[in-house]
Amino acid sequence: MDMSAVTAWAESTDPDDFRPADAWLAGGTVLFSYGSDSITRLLDITTAGWPPIALHDDELEIAATCTIAELYEYCGREETIAAHPALRIVRPACECFVASWKIWHTSTVGGNVATALPAGPMTSWLAGLGAVARIWERGGVVRDIPVADLVVGNGRTALTPGALIRSFHVAGVALRSRATLRRASLTSRGRSAALLVGRTAPAAGQAQAAGTIRLTLTASTPRPLPLELPASLTPDEAAAALDREVRESPGGWFEDLHGAPAWRRHMSLRFAREIFAELTGPAPADPLEIT
Amino acid sequence: MRLDGHEVEELPHPGQCLRTYVREHGATGVKKGCDAGDCGACTVHLNGQAVHSCVIPAMRAVGQEVTTSAGLGSPGQPHPVQQAFAAAQGFQCGFCTSGMVMTAAAMTEEQRADPERSLKGNLCRCTGYCSIRDALEGTVNTTPDGGPDAGGECGRTMSARAPGAEEVVTGRARFTLDLPPGAQQAVAHLKVLRSPYAHARIRSIDTTAALETPGVLTVLTWEDSPDVLFSTGQHEQRTDDPDDTRVLDRVMRFAGQRAAVVVGETVRAAEAGVRALVVDWEVLPDLQDPEAARRPGTPLVHGDKDGGRARIADPASNTVAELHTEVGDVEAALAASAHVHDAVYTSPRTAHVTMETHASVAWFDDDGRLTIRTSSQVPFLTRRTLYHVFGLPKDRIRVVTGRVGGGFGSKQEIFTEDLVALAALRLRRPVQLEHTRGEQFTSTATRHPMRVRVRLGCDASGRLTALHLDALMNTGAYGNHGVGVMFHAVGESTAMYRAPAKRIDIASVYTHQVPSGAFRGYGLSQTVWAVESAMDELARRAGLEPGRMRRLNAIGPDDPLVTTHADPARSSERDVVIGSYGLDQCFDLVDAALARGRRGPEGNAPSGDWLLGEGTAFSALNTIPPNGHRSDARVTVRTDGTVGLKVGTAEFGNGTSTVLRDLVAARLAVPPRAVIVSQSDTDLVEHDTGAYGSTGITVAGRAVEEACRNLLEQAQSIVAARWGVHRSRLEVVDGGLSAWDGPSVTWSDLARFHAARERELSATGTWRGTPRSVAFNVQGFRVAVHPGTGELRILQSVQAADAGTVLNEHQCRGQIQGGVAQALGAALFEEVRLDPGGTVTTTILRNYHIPAMGDVPQTEVYFADTYDPLGPSGAKSMSESPFDPVAPALANAIQDATGVRLRSMPMRRDVLWEALSGEADGRRGCRQA
């Protein structure tokens with residue numbers, strides 16, 4: 001919709017340009033979806049020319065302005081998955097968007113994380129693979145914050161006023177791990193009510209059984225909830241541990257109209273069992289599917 | 001920017017989205033459905049990629065290539081996808097069609113193979129998506145004139161294609177606000193400040209800053225409003241609805257009510273003006289719980305009204321209307337019954353979600369007459385009410401509609417027309433008001449939330465002994481339809497079963513909440529949900545198969561329709577007769593289809609931990625609403641051989657223009673394409689009550705037939721006199737009249753002959769909507785339920801309809817498939833939610849999910865073979881009624897599968913799971929297992 005209070009448009013990625021009543025504009029699919037009575041200037045970051053996806057030594061860098069379509073394309077390549085099997089969860093994560101493939105041409109990875117919805121699927125997979133967000137702040141300050149710590153509540157981030165997400169960085173060890181994903185929604189292809197990412201995290205040079213499994217819960221909690229558990233736990237023990245972790249975390253099970261908390265809890269624990277069973281068993285041949 | 005091949009130079013506003021920019025530059029095929037990226041009606045190609053133009057900053061498209069459906073193809077040269085949508089007739093109202101077409105045209109083969117995923121960002125509220133699937137698969141459902149399909153499967157008879165199909169699929173059909181760019185520029189825009197409080201009084205409004213805002217033309221408040229009470233709900237009899245509403249009131253009775261309006265040169269200016277208004281509110285105690293509405297000491301919603309004058313039953317107890325009747329002795333009958341069932345069933349508040357929001361534009365024609373173009377089901381009644389409110393002479397208002405983007409009852413109301421009239425009369429210039437999607441949720445009307453207690457008794461053999469409905473309706477802050485829905489809710493729902501004792505207790509109460517109004521089914525979907533769920537439960541209690549129990553007790557062809565009186569002649573059903581009866585056939589058709597599905601090759605049952613079940617339910621609907629419903633029609637043979645048909649009724653996806661056209665074509669033996677339909681304009685005919693109550697065919701069709709009959713008589717008289725043959729020997733044949741062993745004359749010759757004598761071959765017809773008949777629908781479901789997740793899969797959906805003669809099979813099937821889909825949305829997940837203060841919180845389609853293609857099954861549709869002598873060419877109504885039996889059939893199937901009975905909607909996955917886990921005992925939150 002029109003943002004009728006907006007009177008100016010500028011191109012900038014410099015946090016020192018940011019004034020009150022400004023908004024950073026990436027794809028714009030969230031800002032233009034909700035509109036605003038208070039935003040008067042848009043700062044367009046998409047003309048900075050940041051390469052959407054880059055591989056550095058043992059690290060994947062994803063620009064905040066990388067569109068969902070670009071990410072989806074990259075993670076569908078055979079060579080991508082061969083080199084970094086954990087990225088097999090990215091396409092299913094994209095399917096968790098309520099928004100369709102048409103919106104993916106426009107909306108961005110950074111925009112989804114900055115919106116900080118509990119059900120934001122980019123937050124889910126990035127947090128699930130332990131990604132770190134590079135933040136540009138006023139005065140040229142650059143900070144790295146784990147994505148799981150960047151989203152702090154429903155619609156709330158740890159970003160200071162004027163701060164900007166520049167990119168996300170996923171370490172090679174996570175990219176090479178075994179990863180999987182489960183999600184629940186009240187409707188087919190609807191808004192996520194529980195989204196659980198799991199990955200193996202073997203200690204260096206050790207057998208997998210001695211390693212750990214890292215679960216990251218989103219959508220059914222107000223903010224990402226990462227939990228590292230010994231791979232030696234039974235699926236039931238893992239679910240119980242997750243349940244304890246949520247109970248002790250502020251906010252507990254998330255409640256909104258996209259699912260009752262009791263059901264969200266039930267589905268989350270069910271997924272924890274499934275993921276534990278999957279990641280401690282033989283690797284499945286089938287691709288992940290989300291409906 | 002290059003827009004559909006033309007260079008557009010003007011720079012967009014910095015906050016402007018691409019949708020409004022391209023519309024300002026003439027691309028009116030690009031629609032606003034949600035304005036938030038959810039519905040896809042605004043889909044365009046940006047440099048060849050399909051995008052939702054409502055969430056694309058227009059600045060980003062500067063210098064780029066933008067293609068809309070009008071640029072993709074034209075009626076003469078449609079794109080193959082457009083051709084496929086026309087041939088399949090993959091639309092009803094057509095408002096979503098441009099977006100569907102643009103999305104489908106951009107799909108890869110892989111995307112085409114998975115339409116549920118690929119079209120999840122395109123919402124259609126009319127079709128239930130079946131005909132859209134057909135369009136994607138290239139299935140042909142229609143040909144321009146109907147009849148055998150030459151190029152298609154052998155022997156398949158095609159339905160006649162809707163008039164204007166080519167315009168719809170190429171983005172050229174003009175909906176309400178699709179004015180040419182020149183006309184758009186002259187229009188001022190009106191925006192509304194809405195109450196943030198459920199109950200408040202405006203002490204004062206400081207308009208200074210708003211009036212100083214650049215581009216603001218005027219501010220209108222309660223002080224500018226005519227001090228005339230009226231109802232936004234519209235019926236043939238204005239006195240059917242309570243007078244409880246002002247154009248602008250000083251008292252706010254729900255959060256979302258109009259508090260003041262600002263008119264500006266642009267929407268932007270008007271919105272800035274609204275932000276600058278300063279209101280001094282006196283917040284008052286409010287009423288949110290309908291159960292508390294009639295308790296002493298409760299805040300009164302219309303305590304200031306004189307109940308007698310305003311036609312409110314009792315303002316001092318928040319009661320708009322109530323009804324208490326008894327036939328026989330229900331208590332005695334229940335006491336003597338072998339089996340008794342007593343339970344409460346609730347229906348939540350749901351929204352119509354027409355893809356086109358309410359909108360209207362007012363201007364003055366060359367004679368200075370106020371003209372209003374609006375998205376309405378009732379242009380003539382709207383004109384009448386505006387006369388009443390503004391005290392204008394009877395010939396000083398004209399109301400017209402363009403193509404209307406969906407109705408479902410929501411447009412049997414005045415929600416925008418009075419405001420544009422007020423502002424246009426003040427400013428003496430064109431003024432437009434277009435609701436946002438949010439305003440549709442917060443400030444129009446919804447389905448009535450209803451609590452229905454049903455008590456049933458039966459004897460040992462399963463025969464009903466007593467039926468008691470005890471219901472409370474929450475009509476919200478204003479009583480638009482709060483009376484009519486109440487009476488209708490207890491009509492067919494009690495008439496449809498034979499029981500010696502029947503009792504009705506129902507009240508319609510005010511609350512400080514968004515008003516309830518007319519919604520497909522008009523009260524029956526809520527009471528049929530209760531009665532048909534209860535019948536299923538009673539059958540199980542009595543140890544009978546529910547389907548048998550239903551057949552045993554459903555009214556037969558010769559039964560009286562007993563509701564409020566033992567003698568139907570004393571009830572509102574007095575002019576209803578069972579003109580044709582196909583309920584028995586419908587039961588058989590559904591049972592046979594479910595049996596086929598059950599035995600089907602794969603049975604399509606999912607493997608693993610699923611519970612399977614089946615359920616059915618039925619409903620009845622009188623083919624015309626009570627208290628009068630009139631249509632006028634005029635048929636004119638033109639000298640070029642075409643036939644002009646003028647009708648008042650509106651086309652909003654119900655398909656009546658197709659059927660009315662074809663009735664004329666059949667009566668005059670001309671091809672459908674020779675009939676040119678003009679409609680929904682108060683200048684065309686004397687009167688039309690409107691397109692509601694499924695009357696587009698049953699009433700307007702009779703008027704059209706009457707007009708054709710009168711025209712024929714006229715023509716026969718002329719020919720008989722000229723040729724000296726007796727009238728009885730003249731019959732209608734191929735494009736004219738012929739004496740069976742003598743000469744023949746074409747319509748065009750006859751019209752020319754007549755024109756030479758300065759006369760017109762033209763006749764009118766009128767139908768007043770009585771007597772009325774009854775239509776029936778039976779719905780069946782086969783479902784699978786996963787107890788571990790609460791997931792429900794509909795393995796089979798079947799509906800059989802007793803529609804009388806089916807005049808256009810594709811369209812009638814579409815009405816049913818669409819009705820099932822809309823009802824499934826309400827049954828499974830739709831709910832308008834309010835916060836404790838009464839503010840609607842579900843204001844975007846992401847939070848008020850309506851069915852997408854992947855949410856609904858492809859419903860099998862079967863028709864009973866009946867002919868109704870009361871309907872046009874034997875037809876009965878079939879627009880509202882397919883909705884009514886869906887939810888109870890689903891709940892019945894769920895109980896059959898799981899043993900768990902759900903008595904409130906929506907039956908969401910989380911609710912179903914909780915019920916299955918035995919944790920439904922009212923607990924909330926997250927008790928630990």
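Predicted model: local features only at pLDDT ≥ 70, side-chain atom pairs only at ≥ 80, totals over all residues.

Q: OK, new topic. In what order do the strands of the open sheet in chain A come?
A: The order is E1-E3-E2, three strands with parallel pairing. Strand E1 (8-11) and strand E2 (22-25) are the edge strands, each pairing on one side only. From one strand to the next, the twist averages 25°.

Q: How many bridges join E1(A) to E3(A)?
A: There are 4 bridges, and E3(A) spans residues 41-44. For example, A:Ala10 has A:Leu43 of E3(A) as its bridge partner.

Q: Which way do E24(B) and E32(B) run, parallel or antiparallel?
A: Those two run antiparallel, joined by 12 bridges. B:Leu611, for instance, is partnered with B:Val785 in E32(B). E24(B), residues 611-622, is mostly covered, with 9 of its 12 residues buried.

Q: Now the two chains. How many residues of chain B are in contact with chain A?
A: 47 residues of chain B are in contact with 43 residues of chain A. On chain B's side, strand E4 (49-52), helix H6 (115-118), helix H11 (267-276) and helix H28 (909-916) each supply at least two residues. By class, that side has 15 nonpolar, 18 polar and 14 charged residues.

Q: At what angle do H11(A) and H28(B) pack?
A: The angle is about 80°, with their axes 9 Å apart. Angles of 65 to 115 degrees count as roughly perpendicular, and H11(A) and H28(B) are therefore roughly perpendicular to each other.

Q: Which residues make that contact?
A: From H11(A) there are A:Ala262, A:Trp263 and A:His266, and from H28(B) there are B:Arg909, B:Asp910, B:Trp913 and B:Glu914. They divide into 3 nonpolar, 1 polar and 3 charged.

Q: Last one: what does UniProt place at residues 1-175 of chain A?
A: The unreviewed UniProt entry gives "domain: FAD-binding PCMH-type" there. The end C-alpha atoms of residues 1-175 of chain A lie 38 Å apart, and the span is 29% helix and 25% strand.

Methods:
Residues numbered from 1 in each chain as written. Chains lettered and ligands numbered in written order. UniProt positions renumbered as here; feature names shortened; annotations may be inferred. Contact = placed C-beta atoms within 7 Å. Nonpolar A, V, L, I, M, F, W, Y, C, P; charged D, E, K, R; others polar. Axes fitted to C-alpha atoms, helices over the stretch in contact; angles between N-to-C directions. Parallel < 35°, antiparallel > 145°, perpendicular 65-115°, else oblique. Buried ≥ 20, exposed ≤ 12 C-beta atoms within 10 Å, placed from the backbone. Pairing = 2+ DSSP bridges.
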